[in-house]
Amino acid sequence: MFNHAYYARLGLQATYERVLAEERLTPEDGEALFACPDLHAVGALALYARTRMHGDKTYFVRNRHINYSNVCVNQCRFCAFRRDTGATGSFTLSKEDIITRALDDGGHPFAEIHVVGGCHPDLRLDWFEDIFRALKKLRPQAVLKAFTVVEIHHFAQRERRNTLEVLQRLKNAGIAMLTGGGAEIFAPDVRKSICPEKINGEGYLRIAGEAHNLGIAGNCSMLFGHVETHQDRVSHLCALREQQDKSGGFECFIPLPFQSKNNILAEELADKASRGNPMADSGLDRLRTIAVSRLLLDNIPHIKAYWVMLGIKTAQAALHFGADDLDGTIMEERIGHMAGAEEVQALDRRELENMIRDCGFTPVNRDALFNPLPIGSDIV
Ligand code: V47
């Protein structure tokens, strides 16, 4: 069924030919894939591209997320996590709390320690440097992954330094990788309406490029399913692809479906939905977005099906729609759960492996940088 003639009937003949010839897709291809009525035809192309890159491998990581604080100077309208200093529900962990969480690994070091919070008004860069140095000493095997580009910009502004200096200091303290959050949607009008204080798209990409040039890898992401259009998604993906051509440090792309509880944006959208919002969230839209991401991002090795925000069942289906990574054990997560994510807080290694095998793929235990780890290494 999924042959040349069928794609020609769908108006996707040129796209189909480009995928088979391993040629770069155009933004118009991306938009045609979003408009195509047959989701399976789009998914089949993404599965083809995913299989060419990774065979039947699906990656997972034994990791621990640590949210150091939810106090944040920004007021992103989609965020259910942030609080003002001293507000009900605000928290800031002590250095000791952070280290205790990272060491709570049953004696089997996590392959990734993932540290994010908000743009805190008071916590200084040297406070974090001490923590990362201590963690690196106590768990030299763990890859330290911390902050988004947005926090790098925040430290630079707050401490009157340039972003390169902030990045170099974090690298010296042991950070190997930046996390992928904070990209949201680059389209200036949408960005201004959903996260007005956040650094703009050009700034995001510039700092990501600086990190890559210093040898700090990173992930990248897109927050979708709110007020953006398909065209905004395609432009966002193409901007990431262009940056990757220049600096090459993005390991993985994470499509983050908007979680619609406890945030102002969700309230506004609920109001619109009652009047027939065409962008209303659906599982099928999530799968399609993952597939189009795989097809457009030909130079970013991995696509993550983040089970926390997609839900476990959709994350499993996503492995057939272009994703090749499930993220990991997580242990504790607040950003998605406070915004309505309904999955458990943690999965263990066996559960992740079974999820992958049940879908017909071969699990690969990895570290944060996607280096495969030896079979049988460390059980949690
Ligand atoms: O930066 C916030 C997003 C991000 C909502 O790098 C929301 O491997 C949906 O970036 N609905 C944090 N998304 C999560 C993140 C991440 C997660 C897992 C792995 C990695 C990685 C990165 O979550 C934020 C923001 O973009 N976010 N609120 C919401 N209501």
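Guide: Contact means heavy atoms within 4.5 Å. This is a predicted model, in which local features need pLDDT of at least 70 and side-chain atom pairs count only at pLDDT 80 or more, while totals for chains, interfaces and linings use all residues. Residues are numbered from 1 along each chain as its sequence is written, and side-chain values use heavy atoms, with hydrogens and water left out.

Visitor: Which residues does Val-308 touch, not counting residues up to four places away in sequence?
Guide: Val-308 is in helix 14 (residues 307-310); helices (H or I, at least four residues) and strands (E, at least two) are DSSP runs, numbered from the N terminus. Not counting residues up to four places away in sequence, Val-308 touches Ile-330, Glu-333, His-337, Ala-341 and Glu-343.

Visitor: Is Val-308 buried or exposed?
Guide: Buried means under 20% relative accessible area, exposed over 50%, and partly exposed in between (1.4 Å probe, protein chains only). Val-308 has 1% relative accessibility, so Val-308 counts as buried.

Visitor: At what angle do helix 7 and helix 10 pack?
Guide: Two packed helices are described by the angle between their axes and the distance between the axes. Axes are lines fitted to C-alpha atoms, for helices over the stretch in contact, and angles run from 0 to 180 degrees between N-to-C directions. For helix 7 (residues 149-158) and helix 10 (residues 201-213), the axes are 9 Å apart and the angle is about 90°.

Visitor: How many nonpolar, polar and charged residues are in the contact of helix 7 with helix 10?
Guide: Helix 7 contributes Val-149, Ile-152 and His-153, and helix 10 contributes Gly-203, Tyr-204, Ile-207 and Ala-208. Ala, Val, Leu, Ile, Met, Phe, Trp, Tyr, Cys and Pro count as nonpolar, Asp, Glu, Lys and Arg as charged, and the others, Gly among them, as polar. The contact has five nonpolar, two polar and no charged residues.

Visitor: How far apart in space are Gly-203 and His-153?
Guide: Gly-203 lies in helix 10 and, at 9% relative accessibility, counts as buried. Gly-203 and His-153 are 50 residues apart in sequence, and their C-alpha to C-alpha separation is 8.6 Å.

Visitor: Which residues of helix 6 and helix 8 meet?
Guide: Helix 6 (residues 125-138) and helix 8 pack at an angle of about 25°, with axes 9 Å apart, so helix 6 and helix 8 are roughly parallel to each other. Their contact divides into four nonpolar, one polar and four charged residues. Those in helix 6 are Leu-125, Asp-126, Glu-129, Phe-132 and Arg-133, and those in helix 8 are Val-166, Arg-169, Leu-170 and Asn-172.

Visitor: Leaving aside its neighbours within four places in sequence, which residues is Arg-133 in contact with?
Guide: Arg-133 is in helix 6 and, at 43% relative accessibility, counts as partly exposed. Arg-133 and Ala-173 are 40 residues apart in sequence, with their C-alpha atoms 5.2 Å apart. Leaving aside neighbours within four places in sequence, Arg-133 is in contact with Asn-172 and Ala-173.

Visitor: How far from Cys-119 is the nearest cysteine sulfur?
Guide: A disulfide is a pair of cysteine sulfur atoms within 2.5 Å, and by this rule the count comes to zero. Cys-119 is in no disulfide, and the nearest cysteine sulfur, that of Cys-72, lies at 4.7 Å.

Visitor: What is phi of Asp-327?
Guide: Most residues other than glycine have a negative phi. Asp-327 lies in strand 9 (residues 325-328) and, at 3% relative accessibility, counts as buried. Although Asp-327 is not a glycine, its phi is positive, at about 60°.

Visitor: What is phi of Glu-22?
Guide: Glu-22 is found in the loop between helix 2 (13-20) and helix 3 (27-35). At 56% relative accessibility, Glu-22 counts as exposed. Its phi is positive in a residue other than glycine, near 55°.

Key:
Parallel < 35°, antiparallel > 145°, perpendicular 65-115°, else oblique.
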